[in-house]
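Dear colleague,

I am passing on the structure below, followed by notes on what was found in it. Please read them with the structure open beside you.

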Amino acid sequence: MPSLLVTSTTCAAIPRVSIRVSVNGFPAFLPKEVDKIRDPFARDMAKRIERLPVKISFSTSSIMSSCVKPLQERGTEPVVLLHGFDSSCLEWRYSYPLLEGAGLDTWAVDILGWGFSDLQMLPPCNVAAKREHLYQLWRTYIARPMVLVGPSLGASVALDFVANHPETVSKLVMIDASVYAEGTGNLAKLPRIVAYAGVSILKSIPLRFYVNSLALNNVSLQSSWDSMNAGRLHCLQPWWEDATVDFMLSGGYDVRNHVKQIKQETLIIWGQDDQIVSSKLALRLHHELPDSTLVQIPGCGHIPHVEKPELVVQYILKFIRRE
């Protein structure tokens, strides 16, 4: 991946939640395999992951929720980065430092059920639970209209959230958006024991490496391997299988009816060589969203913020600042 230049800004610090840190500098709640990741951007991002208590209605205890939050609050319009299906905030390892370096109050948030939150209590991880968790995190720690960014399935998470809490989102960014699927489809009808068997395969190294190779366009074998290790790390959490099966059997996201209802100004970014979600759907989404701008990136696959971080950040900054 290309080297990234990050500038700094001096502002008042945001209070941080205390966490235990292991000798190698990573939060102690991360799987020990984090130390095997070679990508320096992933390592730096992992060292900044925190857990913040989020109170939700479906549990008597707060969920210690993982995210990367601004080191310093600048008072700018907050930018909240979601991630794709079965991923984590590490997905933003290349783009996050650029957004932060540009002076934006940037959050990278783990969606309930994925990432590195403490789910020992095994809360529900269906669409309604994910929505409430994100809302309560926003209400507790951000509490200002935000620019919400959703890549892949994260775009469905974002659309569902905007449709239910429009007052929380000032602008919307969707990247290679997976918003036309009918939820988890027939997977929701699987017997639980079969669902667990399927999910156990989902975290296997061969499958993860294959999917990662499809998602990225023209990257080296080493870069693909490093990306797979970063993208698989959250699967090593002890509750990952339970949370993923719960989501799968719940039916997942079906947000097709929300698309035309969105009033917020929207930026659509799409890799033209996406082998997972057809770039033809970018044109459909642009047509159906009443106030949208479409940017397509040549020679780029399904995860532009990993593959072309400088371009993605450039487009996001122009969109936010109306340059």
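Arg144 is partly exposed, with a relative accessible area of 26%, where buried means under 20%, exposed over 50% and partly exposed in between, using a 1.4 Å probe and protein chains only. The model is predicted, so local features need pLDDT of at least 70 and side-chain atom pairs count only at pLDDT 80 or more, while totals for chains, interfaces and linings use all residues. Residues are numbered from 1 along each chain as its sequence is written, and side-chain values use heavy atoms, with hydrogens and water left out.

The side chain of Arg144 meets that of Asp105 in a salt bridge, 3.4 Å from N to O, the term standing for a side-chain nitrogen of Lys or Arg within 4 Å of a carboxyl oxygen of Asp or Glu. Arg144 lies in the loop between α3 and β5 and Asp105 in the loop between α2 and β4 (106–109), so this pair ties together parts that are 39 residues apart in sequence; helices (H or I, at least four residues) and strands (E, at least two) are DSSP runs numbered from the N terminus. Asp105 counts as buried, at 1% relative accessibility. A salt bridge also joins the side chains of Glu73 and Arg144, at 3.6 Å from N to O, and because Glu73 lies in the loop between β2 (63–68) and β3, that pair ties together parts 71 residues apart in sequence.

Of the 27 residues that line the largest pocket, the closest to its centre are Phe85, Ser152, Val211, Ile276 and His302. A pocket here is an open set of points, on a 1 Å grid over the protein atoms alone, where a 1.4 Å probe fits, with protein on both sides within 12 Å along at least five of seven lines, and lining residues have an atom within 4 Å of a point. The largest share of this lining, five residues, comes from α6.

Ile276, one of the residues closest to the pocket centre, is found in the loop between β7 (265–271) and α9 (280–288) and is partly exposed, with a relative accessible area of 40%.

With best wishes
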